[in-house]
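Subject: The structure you asked about

Hi,

Here is the structure I promised to send over. Have a look at it first, and then read on for what turned up.

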Amino acid sequence: RCQQRPQQSECADLFPLSVEPFERFMLLADQGPHPMQFVCRLRFEGTFERATLTAATAQAVSRHPMLMASVCDRPPGGEWIRRPEQQPTVDWIDAAPCEEYPRLPLLDVHQGPNVHLTVVTDGQRSDLIFLFHHAAVDGLGAFDVIADVLIAYSNATSLQGPTRFKV
């Protein structure tokens with residue numbers, strides 16, 4: 001039976017969470033040349049309003065508590081600590097979207113947040129490039145986060161006029 005996602009106030013009761021063995025593996029493997037993070041890129045015609053997209057990203061990420069958590073190395077094995085004050089970073093690059101990815105930051109689960117958004121736009125086309133730490137979210141969860149960002153953005157802009165984007 002499907003359940004609604006927990007409200008932000010209910011998420012406080014989830015923490016601290018112990019770091020599970022598979023997450024420990026990801027944290028150990030994260031120290032090498034291939035970090036445990038992954039990218040999802042979406043390409044659009046049109047451009048996004050910066051303040052609205054930044055607010056929509058913060059609103060959406062607040063519904064996914066592991067993206068606003070960090071790992072504390074408390075024995076045994078560490079634990080996830082809730083960090084609601086952390087806001088996802090949204091970087092903007094004024095350039096034409098191309099096939100190459102821009103330089104993206106390394107996500108540090110000991111500091112958080114565990115998601116980063118880069119927007120590449122030339123005013124005609126826009127790429128949204130989401131970067132996730134794999135210890136905090138898997139691929140299916142990432143699609144939920146992306147959907148939440150786009151829905152929050154759409155809800156914030158739908159009162160301002162017709163949608164200007166094609167996915």
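The accessible surface of the protein comes to about 9800 Å², with areas taken from the Shrake-Rupley method with a 1.4 Å probe, and for residues only the protein chains shown count as cover. Carbon and sulfur atoms account for 54% of that surface.

Before the details, please keep in mind that this is a predicted model, in which local features need pLDDT of at least 70 and side-chain atom pairs count only at pLDDT 80 or more, while totals for chains, interfaces and linings use all residues. Residues are numbered from 1 along each chain as its sequence is written, and side-chain values use heavy atoms, with hydrogens and water left out.

Of the 167 residues, 43% count as buried (under 20% relative accessible area; exposed is over 50% and partly exposed in between, with a 1.4 Å probe and protein chains only). Among contacts (heavy atoms within 4.5 Å) between residues at least 6 apart in sequence, 77% join residues at least 24 apart.

The protein has four helices and seven strands; these are DSSP runs numbered from the N terminus, helices being H or I with at least four residues and strands E with at least two. Along the sequence they follow the pattern α-β-α-β-α-β-β-β-β-β-α.

Now to the sheet. Four strands form an open sheet in the order β2-β7-β6-β5, with mixed pairing (two strands pair if DSSP finds at least two bridges between them). β2 and β5 (89–94) are at the edges with a single partner strand each, so one side of each has no neighbour in the sheet. From one strand to the next, the twist averages 15° (axes are lines fitted to C-alpha atoms, for helices over the stretch in contact, and angles run from 0 to 180 degrees between N-to-C directions). β6 (residues 115–121) and β7 run antiparallel and are joined by seven bridges; L117 stands opposite F130 in β7. Helix α3 lies across β5, β6 and β7, at about 150° to β5.

Finally, take a look at helix α4. Its buried residues are G141, A142, V145, I146, D148, V149, A152, Y153 and T157. Viewed down the axis of α4, they fall within an arc of 155°, so they line one face of the helix (the arc is that of the directions from the helix axis to the C-beta atoms). Their cover includes β2 (37–45), α3 (50–61) and β7 (125–133). The exposed residues L140, F143 and N155 sit on the face turned away from the buried side of α4.

Best wishes
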